[in-house]
Structure formats: structure tokens, C-alpha cells
Amino acid sequence: MLVLLFKNFIRSKGTRIGLLFLLIIGFISLLIGRQFQEKQQKNITEAVIYQKEHIARNAAFHKDEIGLLLYYIKFSLVNTTLPISSLAIGQRDVNPSIQSVTIRGLEAQKYDSELNNPSNLLSGNIDFSFVLLYLFPLLIIAFSYNIISEEKESGTWKIVTAQSPNIFLYILKLFYVRILSLIALLSLLLLIAVFFLQIPIDKTFILFYGIAVLYILFWFSVCFFIVSLQRNSNFNAVILLTIWLFLIIILPAGINTYIINKYKVPEALELTLTQRNAYHEKWDMDKQATLDKFYKHYPQFKNYPLPETEFSWLWYYAMQQMGDDESAVQSKELESKLEQRNNTGELIAQFIPTLHTQIQLNEIAKSDLRNQLLFLKETKQFHEKLRLHFYPKIFDNAPVDQQKWNNFKVETFNDNSENGFVKAFLPLLLFNLVLIGLGWRNFKR
């Protein structure tokens, strides 16, 4: 019986076209993921080469003043891109994966990003997560909306009921055939991704695959519930497409608007203005006052007095430091607001399967907002480490040629935050069980 149902399902020209279309789009998404992967690797390779050549060139040109040399030299920190990030690019196409900073004011550099074509950013990437979130549900709806109604409308339902001792089991088999087909397609695409994108089969991949399967089952559960109402095909199609539109586009857009308005970030502008004003106004202020604030921040440097010369690197870098210190309040508020946005989004998403799936896929791929915030914190620590290393050398005017510049390699940040199975699977599992339970009750009636 099951084999016959599968043959009848796959024999349909529309079914074959739908599966082939999704397979092609899925493969294209893997190609886009490969391009993203290659671009990230190319950027890292170029950053390593550039930093080495950049330091050597500037050290040869500015060999008399280490303070002047360090005005120009940039040091890079790389946010590790996992192979699985190619499946869920998330915010990695907007936020930079490489931060290159000098030891001057950090706040003016922290949010620098690559130049991107606005049109490309608007349209986004058709990565695998896009195909899974947006296109798989449409094919599920197309395959399932008329499972019963078509038989009734064609007048063959009475024959089916007469030949099947258990109608509910027959309906389950119809869904089972469709579920098996879509999960097989999903598995095939992810198997191709494993070899094509060099993705290791580990806990991260299992989490990704598990969420993808549960998401597909969620949409089949939605279809199962709507079909259980036993209305006509037009009604089922319109309702299911309305649900798709609401869950995929309207509701996420509304929630995003709510979060943005609840946690507004005027601190972003205030941070920029405060940092720049704090820096520029120091040119017209008493130098000793600037040094006193600097000594308060770094008491270990009190033994370096203000030189009597008109300009000194001690005062200049103290002035740069004050730009960061005096904008620290706005910086912390901005960071706090972004964390609140992320936490609120994750909390609300637990009650919206589509949003939950998207957030979890990005979180697994380390391409979410939380990862970017952790990277910015690591950038701050990286920058502070550079300052503490070079400040004494600048204040002592250490010889440039005696520094071991070759030791300064591009450093890497690894996001070691764990993703739990319960947090990832439970919301989707509960929604599936509720919808299946409601559908079962309707059929039993």
C-alpha cells in the first residue's frame, strides 16, 4: 500500500518538477555558500599578507619615531568562520569578520565595515537557510493542501473509504510519503554540502540537521491540521499561503519593528559625536589636565612626565585614550541595547517557529548578532592588549629597529559558546505535537 502511494505521488509531473526545482535552487544556495566561504578565506589570507607587508613597509619608512609609526600600523583580529556558516550566512554579509585597528581611539574604528553594494545587501543572500525557511514550506503546502479535498472533489473519496479499513491510517500514509520525500531531498542537499563545503559531521552539523528536519515537520503539521478541517481545496490553499505569509514575512517584520522601537539606539550617534569631540577638544585644553585623566586610567604610567616640547606622543596618545574614556558610557549603553535586542528577539522567537528556526540556524553557524557582540568585546580586549604593550615603548621612544615586528601575527577569535539540543529542538517539537494533536482530534470527530 505504502509503495503504491509513493509511486502515485512521485508519478505526478507536478511533484517531479517541484522536487527538481527545489533541488536546483538548493544546489545554487550551496554555490553561493561556497562563494561566501572562498571570499572569507581570501580576506583572511590577504589580511595576513597585508599586515606583514604593511608593518615592514611602515617600519622601514618611519624608523625614527615609534609613536609616529604606531599612528599608522594596523593589527588584525579575525572572527573565525565555520564551514557550516556557508549554509546560514546570517549577519556575516553585513558585519565584518576581520577587525583591523591601530592603537589610537578604538570607538572610531570598532564599527568599521567593508563597503558593500546596497542593492546586494537589500536582496540578501540565497543561502541554504533561505531555501529551507522560505521555499521548502511552499513545496510542502503545494504537496499537501489537497490530500483529502482532491479525492472528495473528484468523487473518488467514497471508493477510498470503502477500500481502506482505517481511513486515518491511510491519511497518515499520504503524509508519510510526502514527509519522506522532502526529508530525503533535505538529506541529499546537506550530504552534498558536507563534501562540497567541507563541513565536518559533528554536534554542530547534527543540530543543524535536526532543526531543519523539525522545521519541515512543523509545516507538515500545519498542513495536517488545516487538512483535518476537511474543507475544499481553495480554502486550504488560501489559508496555508496566508499562514506562510504571516509566519515568514509579516510577523517577523512586525516583531523587528517592535524591537527596534523599544530599544532605540541614539547612543550610536552620541557615541560618535562624544568620542570625536572628546578627542578634538583636547587640542585646545591644558595638556596636563589631559595627562592627569590619563594617569587616573593608567596609574602605572605616572612615572612618565609631560615633556616640555610643544608636541609629545605621550600627550597625543593620552588624548586618543580620553576620546574612548569619555564616550565609554554611550559605548556601554549601545552594547547593552544591542544585547537587549538580541535577547528579546530570542525570547519572542521561542513562540514563533519560523523565527526560532532562523535564529537557531544562525546561532549554530556563529553568524548571529550574539557572535558579533562577542567579537566586538574581543576586539576591545585585543586593542587594550596592544595599547599596554606599546605605550611604554612610545613613551620611552624605543628604537623602531629593535622591536620584533615579525612576532605580530593576525590573531583569531573563536566563539566557544555552546548550543544545546533542548533549546534548539523543544519549541519546534512542542508546536508539532500540538498541531498533530489538534489535527488528530478533528479527524476523530
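Analyst: Helices in this text are DSSP runs of H or I with at least four residues, numbered from the N terminus. Pro 427 is a case: it lies in helix 17, residues 421–444. Keep in mind that the model is predicted.

User: Which residues is Pro 427 in contact with, leaving aside its neighbours within four places in sequence?

Analyst: Gln 350, His 356 and Val 422.

User: What is the mean pLDDT of the chain?

Analyst: Where pLDDT is low, predicted coordinates should not be read in detail. Here the chain has a mean pLDDT of 87, and 91% of its residues reach 70 or more. Residues 117–122 are a stretch to treat with care: their pLDDT is below 50. Beyond near neighbours in sequence, that stretch has 3 contacts in the model.

User: Where does UniProt place the feature "transmembrane region"?

Analyst: The entry is unreviewed, and it lists residues 15–33, 128–148, 175–199, 206–229, 235–255 and 421–440. Now set two of these ranges against the model. Residues 175–199 are 88% helix and 0% strand, with end C-alpha atoms 31 Å apart. Residues 206–229 are 96% helix and 0% strand, with end C-alpha atoms 35 Å apart.

User: How many Å should helix 8 span?

Analyst: Count 1.5 Å a residue. Helix 8 runs over residues 167–196, which is 30 residues, so it should span 44 Å. Its end C-alpha atoms are 44 Å apart, which agrees.

User: What is the phi of Gln 198, which follows helix 8?

Analyst: It is positive, near 55 degrees. Gln 198 is a residue other than glycine. Its place is the loop between helix 8 and helix 9, residues 203–228. Its relative accessibility is 58%, so Gln 198 counts as exposed.

User: Which way does Lys 366 go, buried or exposed?

Analyst: Lys 366 counts as buried, because its relative accessibility is 7%. It too has a phi worth checking: positive, about 55 degrees, although Lys 366 is not a glycine. Find it in the loop between helix 15, residues 353–364, and helix 16.

User: In what order do the strands form the open sheet?

Analyst: Strands of a sheet pair through backbone hydrogen bonds, either parallel or antiparallel. This open sheet has 3 strands in the order 2-1-3, with mixed pairing. Strand 2 (98–101) and strand 3 (411–413) are the edges, each pairing on one side only. From one strand to the next, the twist averages 25 degrees.

User: How many bridges join strand 1 to strand 2?

Analyst: There are 4, and the two strands run antiparallel. Ser 76 stands opposite Ser 100 of strand 2. Val 78 has Ile 98 as its bridge partner in that strand. On the strand 3 side, 3 bridges join strand 1 (residues 75–79) to a parallel neighbour. There, Val 78 stands opposite Thr 412, and Asn 79 has Phe 413 as its bridge partner.

User: Which side chains point to which face along strand 2?

Analyst: In a regular strand the side chains alternate between the two faces of the sheet. Along strand 2, Gln 99 and Val 101 point to one face and are buried. Compare strand 1. Phe 75, Leu 77 and Asn 79 point one way, Ser 76 and Val 78 the other, and all are buried. That makes strand 1 mostly covered, with 5 of its 5 residues buried.

User: Which strands does helix 2 lie across?

Analyst: Helix 2, residues 13–61, lies across strand 1 and strand 2. It runs at about 165 degrees to strand 1. Helix 16, residues 369–395, packs on the sheet and touches strand 1, strand 2 and strand 3. Its direction makes about 155 degrees with that of strand 1.

User: How many Å lie between the C-alpha atoms of Glu 333 and Ser 12?

Analyst: They are 58 Å apart in space and 321 residues apart in sequence. Glu 333 is in helix 14, residues 328–349. With 35% relative accessibility, Glu 333 counts as partly exposed.

Conventions
Residues numbered from 1 in each chain as written. Predicted model: local features only at pLDDT ≥ 70, side-chain atom pairs only at ≥ 80, totals over all residues. Heavy atoms only, no water. UniProt positions renumbered as here; feature names shortened; annotations may be inferred. Pairing = 2+ DSSP bridges. Axes fitted to C-alpha atoms, helices over the stretch in contact; angles between N-to-C directions. Contact = heavy atoms within 4.5 Å. Expected span 1.5 Å × (residues − 1). Buried < 20%, exposed > 50% of the residue type's maximum accessible area, 1.4 Å probe, protein only. pLDDT = per-residue confidence, 0-100.
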